[in-house]
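Hi,

Here's the structure I promised to pass on. Have a look at it first, and then read my notes below.

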Amino acid sequence: MSVINNRKYALIYIAPAFVIVVLLTLVPIFMVIAMSMSEWTYGQTFNSSTFIGLQNFINLFRSKELLHSLRLTLIFLFTSVTMEFFLGFTIAYFLDRLNMKVNSLLLGLFMLPMVMMPAMVGTVNRLFFHPRGLVNFFVESFIGFRVNWYSAGYALIAVIIAEIWQWTPFFILTTYAGLQAIPQEPIEAALVDGAGSTQTLFLVTLPLLTPVLLVSILIRTMECLRNFDMIFNFFAGGPGNATETLPINIYRTTIYSRALGFGSAKGFVLIALMVIGAIVLSKLLIKYSWNE
Amino acid sequence: MKILEIRSLTRVLMGLFIIVALLLFLIPIFYMITSAFKKPIETFAYPPVWIFRPVFDNFIYAFQKLKILNYMRNSIIVATTSALLALFVAFPAAYGLARIKFKGRNKLAIIFLMLQSIPTIAVVFAFFFLARSLSLIDTRILLIIAYLYWGVPYAIWQLRGYIMSIPIEIEEAALIDGCNQLLIPYIITLPLITPGLVATAILVFITFWNEYVLAFFLTLKDAVTLPVSTSLFMTHTEILWGPMFATATLSALPVMVFVLIIRKYFVRSLTYGAIK
């Protein structure tokens, strides 16, 4: 029993942070919920808005464009996270197997894309993915023709490539850290027992890595779900609505269509999805790292 | 996995794979930085120009015409102040959550994580109305406060992990020696987690430095930060690619240096302490 364990201090320690965070988040969330039950044209006064109950949410289910952006969001996050995972895992696994002296330097270099401003990554990629840009230079050198990334059919692919470029290193780092941290005895035992390295990877190493991989995948999925900066500065949802993922759709509904109420209803859906993700994530985090 | 003897051919292939991957990740950054020193015609050349005589025109244009320095100053002030404030508020809370066993402390930690995960784009219009009613639109103080909504819960999770990884006995010994319990976190615990504290501060700083949505919607002219400068480069007649590369380079270099400083703690910082 610890003497530090004096409960009356818990309040003194935690209350200031709790009050600040709750004020900064719950007040806006309540406003979002209130606005989602109104019909309110963006730019007009609050008095001009009318209370319409759950009508916005009913309209949500009938809205084809919401379905479209949910579909895009799912394609975007599923493709990105899957590719990031496989690429990142492969690189990390190779680095771990090679066990070179320069590993830590290489990992340091792999970190660089991740800290770039997502808004700048989007803007810079506008030129890189220009029909006469850097990406097409490589594409043309390898497959002989240029791709029109600015067209509706390819824009989402360009966004996914940019996302994979920036965040594959996340999986390299987490997987590598995981590979370094898992106990070596089961792996050695499997090898001594005559298992091949592929068998060992799938039957021993991967199961041991599951917590690390699950946490990484969930964190990245959530970040993709709320990705606004990069896509907005890259294609701003266009051409047409080819890259209009849910966050961009919220922006367009609110600013272009000036439907503050409807936009807030969509915002509420996004918040709900993120909160569900956060609950699962916190369960994983507590289960795996703070088994108290 | 040192035990695995890898055949040399496999080693070479793995090495090649890593080199190619590394090039793919670094070439865009290299190209971005070098393009900042190109003349306009070279920036847009196809095939791309790799060797050229560096000029500083783009930087001069960005500083003189686009007043990038103002944006930078705002970014530095907002990100630094808000990061320090977030840590100041989060540290005692992290200590309480790490050290004091009370009912529902895990639930409280989960609530903090949930609030931290709220997507900014969904609440930014509410922030806008709140800020307008308080006449705070386009002020640095508004961004400094608004950023805390993410910074404080994030720092709590991070610091909680660092505090839990040091033995509690040192604090107990200090208490028996008569140290005031309210001061123990600051006198005893804080010095022991300095590296973690610095790493957390830097990661919060980087996130605020890169933050776009709140800055985009809540500032107009005076408090605009660097990420929002992206819209400056799209004029009615042309896109200012050169100055854009210069600004992108200037905004990336400080965080690149920072991340190399906290390299060892970076993974931990990205995963709420789950992966060390």
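Start with two helices in chain B: the axes of α3 (residues 57–64) and α12 (residues 241–261) come within 8 Å and cross at roughly 85°. Angles from 65 to 115 degrees count as roughly perpendicular, so that's what α3(B) is to α12(B). Keep in mind that this is a predicted model.

Who meets whom there? On the α3(B) side you'll find B:Asp57, B:Asn58, B:Phe59, B:Tyr61 and B:Ala62. They meet B:Gly242, B:Pro243, B:Phe245, B:Ala246 and B:Thr247 in α12(B). Sorted by class, this contact has six nonpolar, three polar and one charged residues.

Now zoom out to chain B as a whole. The C-alpha trace spans about 70 × 70 × 30 Å along its principal axes. Of the 276 residues in chain B, 48% count as buried. Also, take the contacts in chain B with a separation of 6 or more: residues 24 or more positions apart account for 79% of them.

Last, the place where the two chains touch. The contact takes 88 residues from chain B and 92 residues from chain A. On the chain B side, helix α1 (residues 8–35) gives the most, with 13 residues. That side of chain B divides into 70 nonpolar, 10 polar and eight charged residues.

Cheers

Notes: Residues numbered from 1 in each chain as written. Chains lettered and ligands numbered in written order. Predicted model: local features only at pLDDT ≥ 70, side-chain atom pairs only at ≥ 80, totals over all residues. Contact = placed C-beta atoms within 7 Å. Helix = DSSP H or I, 4+ residues; strand = E, 2+ residues; numbered from the N terminus. Nonpolar A, V, L, I, M, F, W, Y, C, P; charged D, E, K, R; others polar. Axes fitted to C-alpha atoms, helices over the stretch in contact; angles between N-to-C directions. Parallel < 35°, antiparallel > 145°, perpendicular 65-115°, else oblique. Buried ≥ 20, exposed ≤ 12 C-beta atoms within 10 Å, placed from the backbone.
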